[in-house]
Amino acid sequence: MTNRGFTINERGQLNRFAIEPKVYVDETPRTGFTEYAEKLNGRLAMIGFISLIALEVLTGHGLIGWLTSL
């Protein structure tokens, strides 16, 4: 009976103020060790490692040597 803008519950009580929304639970994990987080961390680690190797090849010093020469 939601076509008139009100609902009647199972006990026959009238709710004329609003149509009640459908309730659902989203059970996808948002935090912690999810597959997406692990893939992202691995990819960022690979980018960082390759960047450090490129820095060493281009400057002739490692990261610590390059930072102490600044």
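Colleague: Which elements does the protein chain have?
Modeller: The protein chain has two helices and two strands. This is a predicted model.

Colleague: In what order do the elements run?
Modeller: Starting at the N terminus, the order is β-β-α-α.

Colleague: What is the average pLDDT of the chain?
Modeller: The protein chain averages a pLDDT of 81, and 81% of the residues score at least 70.

Colleague: And which element has the lowest mean pLDDT, and which the highest?
Modeller: Strand β1, residues 7–8, has the lowest mean pLDDT among the elements, at 72. Helix α1 has the highest, at 92.

Colleague: Let us stay with α1. What span should its residues have, and how far apart are its ends?
Modeller: Helix α1 covers residues 35–59, which is 25 residues. At 1.5 Å a residue, α1 should span 36 Å, and its end C-alpha atoms are 36 Å apart, so the two values agree.

Colleague: What comes just after α1?
Modeller: G60 follows, and this residue takes a positive phi of about 85°.

Colleague: How many salt bridges does a search of the whole structure find?
Modeller: The search finds one salt bridge. It joins E35 and K39, whose closest N and O atoms are 3.4 Å apart.

Colleague: How are E35 and K39 placed in helix α1?
Modeller: E35 and K39 are four residues apart in helix α1, so about one helical turn separates them.

Colleague: Is E35 buried or exposed?
Modeller: E35 is exposed, with a relative accessible area of 58%.

Colleague: A new topic, then: what share of the chain is buried?
Modeller: Of the 70 residues in the protein chain, 4% are buried. The chain exposes about 6900 Å², and carbon and sulfur atoms supply 61% of that area.

Colleague: Which residues form the nonpolar patch on the surface?
Modeller: The patch consists of L52, L63, I64, W66, L67 and L70. Together these residues have about 620 Å² of accessible area.

Colleague: Which helix gives the largest share of the patch?
Modeller: Helix α2, residues 63–68, gives the largest share, with four residues. L67 is found in α2, and L67 is partly exposed, with a relative accessible area of 47%.

Colleague: Finally, which residues does the UniProt annotation "transmembrane region" cover?
Modeller: According to the unreviewed UniProt entry, the annotation covers residues 44–67.

Colleague: What is the chain like over residues 44–67?
Modeller: Over residues 44–67 the chain is 88% helix and 0% strand. The end C-alpha atoms of this stretch are 21 Å apart.

Technical notes. Residues numbered from 1 in each chain as written. Predicted model: local features only at pLDDT ≥ 70, side-chain atom pairs only at ≥ 80, totals over all residues. Heavy atoms only, no water. Patch = residues over 30% accessible without salt bridge, like charges linked within 9 Å, V, L, I, M, F, W, Y side chains within 5 Å. Areas by Shrake-Rupley, 256 points an atom, 1.4 Å probe, with all protein chains shown as cover. Salt bridge = Lys/Arg side-chain N within 4 Å of Asp/Glu carboxyl O. Buried < 20%, exposed > 50% of the residue type's maximum accessible area, 1.4 Å probe, protein only. UniProt positions renumbered as here; feature names shortened; annotations may be inferred. Expected span 1.5 Å × (residues − 1). pLDDT = per-residue confidence, 0-100.
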